[in-house]
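Here are some notes on the model, written as numbered points.

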Amino acid sequence: MIDVRTIDWQSDHIVIIDQTRLPAEVVTRNLHTVPGLIDAIRSLAVRGAPALGVAGALGVMLAARSTADPDEVRALAADLRAARPTAVNLAWGVDRALSRVEEGPGAVEAVAIDTLEADVRLNRALAARAADWLLDRLPAPFNAITHCNAGALACVEWGTALGVLRAVHERGALGHVYADETRPLLQGARLTAWELRGLGIPHTLVVDSAGPSVIARGLVQAVVVGADRIAANGDVVNKIGTYPLALAAARAGIPFVVAAPESTVDPDTPDGAAVEIEVRDPAEVTGGAAPAGTDALNLAFDVTPADLVTAIVTEARVVTPMR
Ligand code: MRU
């Protein structure tokens, strides 16, 4: 593994690992302006709900340092907040830093840096809690399947769902991890496989549509995923392709566990149907494969109903919506 944070602050700017370049090369990118940060968010150079929360807070810090006018900071913050709609963490991070704007850049900076540093602590805490929960219920070693990338690259360090598997691995209790490739942008193939290799965790990549069969064939004893937003009723919004894993897990009778920080829980959203699901460029799906002019519906996220979720584990609690 590399010893660089996914997102960090350096004297007067944000530094990110440019995830569009992984796994071929580890390149960092300096971001000095809010429009530059918005660009990086939209192109998924920085991505994953917790990392987006930190990006939101640090972005407001950039804005507050660029102008003394709170209204200008608010305008930049509104653009940043809207860069991606689904992960509530982005709006949460923006709002958290913006709440101090009237007190000046020093106050915004204090809360933004706290958001950055807290992310590391929170993810380690929730990973340990979820590892305990799993090991109380499953014989060790156990195998798991995960979807998208919910590792260090989706946070500042460590990870949520992948952080859980990392914690189980450190306790010598993890067998094998199956990673969905995660069409169309391949966060599983490009990022999760790269992280698992770096961590020395045995793993196998499967196409997304094979995930439910991996479960049905008894190759894994748990599903562990992250989340972009958890609604008040326990519905979980995560990368498209998560819902089929939950259906398969329910059919097979294995736990479907969601690992996420409290900042992903959105009490103002009553249920999954109320969440805006990001629809991305059809060209990401058609690529070079489909005949020219083919339409594609590129839904970036799906909703897993609460009744399919065995446990939601945060740094503060374990919620078991099925019970
Ligand atoms: O489109 P992405 O790559 O930002 O989607 C990321 C996911 O869906 C993750 O599973 C989620 O943000 C949790 S990351 C800890």
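**Notes on the predicted model**

1. Helix H1 (residues 34–42) and helix H3 (residues 70–81) pack at an angle of about 5°, and their axes are 10 Å apart. At that angle H1 is roughly parallel to H3. As a caution for all the points here, this is a predicted model.

2. Which residues make the contact between H1 and H3? From H1 come Val34, Leu37 and Ile38, and they meet Leu76, Asp79 and Leu80 in H3. By class, the contact of H1 with H3 has five nonpolar residues, no polar ones and one charged.

3. H4 and H5 pack at an angle of about 145°, with 8 Å between their axes. On the H4 side the residues are Gly93, Arg96 and Ala97, which meet Val108, Val111, Ala112 and Thr115 in H5. The contact of H4 with H5 divides into four nonpolar, two polar and one charged residue.

4. The next points concern the sheet that contains S1. Three strands form this open sheet in the order S1-S2-S3, and the pairing is antiparallel. S1 and strand S3 (28–31) are at the edges with a single partner strand each, so one side of each has no neighbour in the sheet. Neighbouring strands of this sheet are turned by 30° against each other on average, with direction ignored.

5. Strand S1 (residues 7–10) is joined to strand S2 (residues 13–17) by four bridges, and the two run antiparallel. Aspartate 8 stands opposite valine 15 in S2, tryptophan 9 opposite isoleucine 14, and glutamine 10 opposite histidine 13.

6. How many residues lie between S1 and S2 in their hairpin? There are two, and serine 11 in the turn has a positive phi of about 45°. A reader checking the backbone may wish to look at this turn.

7. Valine 15 stands opposite asparagine 30 in S3. Valine 15 in S2 also stands opposite aspartate 8. H2 packs on the sheet, where it touches S1 and S2, and the direction of H2 makes about 20° with that of S1.

8. Another open sheet has four strands in the order S11-S8-S9-S14, with mixed pairing. Its edge strands are strand S11 (265–266) and strand S14 (301–304), each of which pairs on one side only.

9. Within that sheet, S9 and S14 run antiparallel and are joined by four bridges. Asparagine 238 stands opposite aspartate 302 in S14. Helix H9 (residues 242–252) packs on the sheet and touches S9 and S14; the direction of H9 makes about 30° with that of S14.

10. At the level of the whole chain, the division is into domain 1 (7–120) and domain 2 (124–319). The C-alpha centres of domain 1 and domain 2 lie 24 Å apart. In the contact between them, 23 residues of domain 1 touch 29 residues of domain 2.

11. Which elements give two or more residues to the side of domain 1 that touches domain 2? They are H2, helix H4 (88–98) and helix H5 (105–137). H2 gives the largest share of this side, five residues. The side of domain 1 that touches domain 2 comprises 15 nonpolar, five polar and three charged residues.

12. The last point is the ligand. Its surroundings consist of 18 residues, of which the closest are Arg47, Ala150, Ala154, Gly226 and Lys239. Two or more residues of this shell come from each of helix H2 (49–66) and strand S9 (236–239). The shell around the ligand includes 10 nonpolar, five polar and three charged residues. Domain 1 (7–120) and domain 2 (124–319) each supply at least three residues to the shell.

Conventions: Residues numbered from 1 in each chain as written. Predicted model: local features only at pLDDT ≥ 70, side-chain atom pairs only at ≥ 80, totals over all residues. Near = placed C-beta within 6 Å. Nonpolar A, V, L, I, M, F, W, Y, C, P; charged D, E, K, R; others polar. Domains from an automatic or database assignment. Pairing = 2+ DSSP bridges. Contact = placed C-beta atoms within 7 Å. Axes fitted to C-alpha atoms, helices over the stretch in contact; angles between N-to-C directions. Parallel < 35°, antiparallel > 145°, perpendicular 65-115°, else oblique.
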